[in-house]
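Subject: The structure we talked about

Hi there,

Here is the structure I promised to send you. Have a look at it first, then read on for what turned up in it.

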Amino acid sequence: MIARVSKFAGLAIVGALVAASVRPAAAQDLNGAGATFPAPLYSKWFSDYAAKTGVKINYQSLGSGAGVKQFTEGTVDFGASDAPMSDEELAKLKSPAFHIPTVLGAVVITYNVPEVTKPLNLTGPIVADIYLGKITKWNAPEITAANKGVALPNKDILVVHRSDGSGTTYIFTDYLSAISPAWSSGPGKAKDVQWPVGLGGKGNDGVAGQVKQLPGSIGYIELAYARQNKLPYAALKNAAGKFIVPSIESITEAAAATAAKLPANTDFRVSIVNAPAADAYPIASFTYLLVSQTQPDPVKGKKLIDFIKWAIHDGENDAAALDYGPLPKNVVAMLDKRLSMVKNIASK
């Protein structure tokens with residue numbers, strides 16, 4: 001009898017273990033996808049918010065193009081993009097969407113020129129001509145003129161760009177279009193363009209990796225990725241004629257004048273590249289969460305809005321440490337009103 005009981009008890013234990021092993025993993029409370037530009041900060045936010053509230057947020061850092069696509073198809077609870085959605089993209093949505101800025105970021109021009117030991121000075125027209133394939137050597141007269149006293153090598157410039165649809169590309173090409181008629185009338189401004197020259201890397205991390213490995217290369221990435229990968233980045237000549245190194249202060253300066261002029265009912269689809277402020281870094285931008293104005297799931301909708309409110313108030317305190325610019329206070333106040341307009345978030 002004892003042996004029989006032990007046998008049945010053993011089978012019960014085995015059965016319980018098998019049942020436990022086939023149970024599905026706990027589902028995430030919210031799912032999002034999109035921009036790689038703010039991914040380092042979002043990763044910290046989602047981790048901190050889960051620790052504080054127990055709400056788990058899964059985020060796929062796939063690029064702004066993929067974020068807009070998944071948001072449009074309704075396969076995620078929110079999208080993320082550095083590029084605002086176009087009127088044509090918004091028209092495809094089942095429900096109107098809000099663009100919610102989260103922080104400010106900078107796109108920097110990074111390079112791998114071991115012979116150069118201090119930050120290079122570059123201008124918008126120089127960068128545009130490099131990406132148009134018109135300037136091909138590091139010691140070209142245009143680059144030499146902007147860097148007096150620097151011994152530049154007679155080496156080919158190897159251009160690196162994004163291979164995926166990217167908000168970082170949108171910001172970069174928005175800037176090039178603003179300062180170069182040849183770029184504006186050629187490749188133009190978009191999340192993905194026909195690149196005249198160069199090789200592609202997927203995501204900010206892909207471009208950073210290519211530049212880090214390839215001597216003579218140049219690329220454009222978000223400031224946090226340059227710092228994390230210990231890559232140098234150029235000082236860029238701004239609209240006021242000053243060479244500006246990207247920093248939290250120079251990013252904030254770029255946004256300040258624009259933010260002060262935003263109308264109360266703005267949808268925040270604004271460009272702040274090449275800002276006229278004296279100390280503004282010229283390739284700065286908001287990055288956005290894409291949020292449906294009418295939430296199809298009331299419970300998820302409330303969790304999403306609660307998280308965003310926490311992010312733009314408490315989460316902003318982490319921005320500067322990760323090389324992002326916090327939102328100006330007047331923008332946060334406008335966003336609080338905008339978030340109160342999201343519908344259907346009461347419990348069923």
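Below is a quick tour, going from the sheet to a few single residues and then to the aromatic rings. Keep in mind that this is a predicted model.

**The sheet**

Start with the open sheet of eight strands, which has mixed pairing. Reading across, the order is β2-β1-β3-β11-β4-β8-β6-β7. If you're wondering what "pairing" refers to: strands of a sheet pair through backbone hydrogen bonds, either parallel or antiparallel. Which strands stand at the edges? They are β2 (57–61) and β7 (199–201), and each has a single partner strand, so one side of each has no neighbour in the sheet. On average, neighbouring strands here are turned by 25° against each other, direction ignored.

For a parallel example, find β6 (residues 158–162) and β8 (residues 217–222), which are joined by two bridges. L158 has S217 in β8 as its bridge partner.

Helix α11 (residues 248–260) touches β4 (97–111) and β11 (284–292), and its direction makes about 135° with that of β4. Helix α12 (residues 298–313) lies across β1 (30–34), β2, β3 (78–81), β4 and β11, and it runs at about 160° to β11.

Is H161 buried or exposed? Its relative accessibility is 8%, so H161 counts as buried, the cut-off being under 20%. The side chain of H161 makes a polar contact of 3.3 Å with that of W195. Leaving out residues up to four places away in sequence, H161 also touches a list of others, including Y131, V197, V207 and Y220.

Next is A208, which sits in helix α9 (residues 203–213). A208 has 0% relative accessibility, so it counts as buried as well. Its touching residues, again not counting those up to four places away in sequence, are I221, N229 and L231. A208 and T110 are 98 residues apart in sequence, yet their C-alpha atoms are 8.1 Å apart in space.

**Helix α7**

Why call α7 largely enclosed by the rest of the structure? Because twelve of its 13 residues are buried; among them are G167, Y170, F172 and I179.

**Aromatic rings**

A pair of aromatic rings is described by the distance of the centres and the angle of the planes. The count for this model comes to 19 aromatic pairs. One of them is Y131 with F172, an edge-to-face pair at 5.1 Å centre to centre with 70° between the planes. This pair links distant parts of the chain, with Y131 in helix α5 (residues 124–131) and F172 in α7, 41 residues apart. Both Y131 and F172 are buried. F286 and Y288 make a tilted pair, at 6.5 Å centre to centre and 55° between the planes. F286 counts as buried at 1% relative accessibility, and Y288 counts as buried at 1% too.

Finally, pick out the aromatic cluster formed by Y42, W45, F46, Y49, Y59, F78, F307 and W310.

Cheers

How values were computed. Residues are numbered from 1 along each chain as its sequence is written. This is a predicted model: local features need pLDDT of at least 70, side-chain atom pairs count only at pLDDT 80 or more; totals for chains, interfaces and linings use all residues. Side-chain values use heavy atoms; hydrogens and water are left out. Two strands pair if DSSP finds at least two bridges between them. Helices (H or I, at least four residues) and strands (E, at least two) are DSSP runs, numbered from the N terminus. Axes are lines fitted to C-alpha atoms, for helices over the stretch in contact, and angles run from 0 to 180 degrees between N-to-C directions. Contact means heavy atoms within 4.5 Å. Buried means under 20% relative accessible area, exposed over 50%, partly exposed in between (1.4 Å probe, protein chains only). A polar contact is a pair of N or O atoms within 3.5 Å; within protein, one must be able to donate a hydrogen and the other to accept it, and residues adjacent in sequence count only if both atoms are side-chain atoms. Rings of Phe, Tyr and Trp (its six-membered ring) pair if their centres lie within 6.5 Å; planes under 30 degrees apart count as stacked, over 60 as edge-to-face and the rest as tilted.
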